[in-house]
Amino acid sequence: MTTDVRAGGALAGKVALVTGGSRGIGAAAARALAAEGAAVAISYTASRERADAVVAQLEKADVRAAAYRADQAERRQVADLVAAVASDFGRLDILVNNAGVSVNGPVDDTEGDLAAFDRQLAVNVGGVASAIRAAAGVLEEGGRIITVGSTLAARAGFPGVADYAATKAAIVGYSKGAARDLASRGITVNVVQPGCVATDMNPPEGDFADAQRAANPMGRFGRPEEIAAGIVFLASPGASFVNGAVLDIDGGYMA
């Protein structure tokens, strides 16, 4: 099946899959990749309406797009997602692992939701590993794998984030190992680590939001589009020698 994309653009002729692409950073990444000419598939878990809205927006801009339901905690669903996109679009060139969940609470909380903790591990770590393994089977030379992590992986900074931070640290290690494994095939694997970004998962109001602003030299939340710009760079031909890297996009939080 042929792939219809915008004429021109650094990613013309490419096909991208953005997991968790129905909102926030994922939706911004889908729009940014499409703006550079890529055809874009997105995955979602809960809201078909939101996913359809993103697809409609991309199609209105003359970009081929589609949405697929897949639970990132389920290895088989992740593998089937990657296979379906490669089959329906005829190829896969770019994988953006964006889907994730956040479960916060102090480690000494005896009333913590252990089932939610287990799901966070399954989505944030297992889902990324499953997607990378599946994509490795269909990506060709020049393929790109980009995972959205968090600066909390390297600097917790706040109480109550240990479990979430651990999942984001794990994907840095996994991505570095995958970068070694796939480099000989011309496939790069990198991580972007956002700081505080205004999304549904991290609303820019409330006490925790104020604490995040106070910890940031720029004194503000980032925008999803600012993270998407880094993702597009790592997906571009210009990033062909960037591999196993971690790119902080955080307004100076890690400075």
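Gln 77 lies in helix H3, which spans residues 75-89; helices here are DSSP runs of H or I with at least four residues, strands are runs of E with at least two, and both are numbered from the N terminus. The model is a predicted one, in which local features need pLDDT of at least 70 and side-chain atom pairs count only at pLDDT 80 or more, while totals for chains, interfaces and linings use all residues. Residues are numbered from 1 along each chain as its sequence is written, and side-chain values use heavy atoms, with hydrogens and water left out.

With a relative accessible area of 30%, Gln 77 is partly exposed, because that class lies between buried (under 20%) and exposed (over 50%), computed with a 1.4 Å probe on protein chains only. Apart from neighbours within four places in sequence, Gln 77 is in contact with Arg 69, Ala 70 and Asp 71, contact meaning heavy atoms within 4.5 Å. The C-alpha atoms of Gln 77 and Ala 131 are separated by 9.6 Å, although the two residues are 54 apart along the chain.

Attention now turns to strand S5. Of the 5 residues in S5 (144-148), 5 are buried. In a regular strand, side chains alternate between the two faces of the sheet. Arg 144, Ile 146 and Val 148 are buried on one side of S5, and Ile 145 and Thr 147 are buried on the other. S5 pairs in the parallel sense with S4 (residues 94-97) over 4 bridges, where pairing requires that DSSP finds at least two bridges between the strands. Within this pair, Val 96 stands opposite Ile 146. The chain passes from S4 through helix H4 (residues 114-136) to S5 in a right-handed β-α-β crossover; right-handed means that, with the strands pointing away from the viewer, the path from the first strand over the helix to the second runs clockwise.

S5 also pairs with S6 (residues 188-194), in the parallel sense over 5 bridges, and Arg 144 stands opposite Thr 188 there. Together with helix H5 (residues 162-182), S5 and S6 make a right-handed β-α-β unit.

The largest nonpolar core has 34 residues, and Ile 42 and Val 192 are among those with the most contacts inside it. Such a core is a set of buried Ala, Val, Leu, Ile, Met, Phe, Trp, Tyr and Cys residues joined through side-chain atoms within 4.5 Å. Elements giving two or more residues to this core include S4 and S5, while H1 provides the largest share, 7 residues. A second, separate core of 28 residues includes Leu 81, Ile 171, Ala 178 and Val 189.
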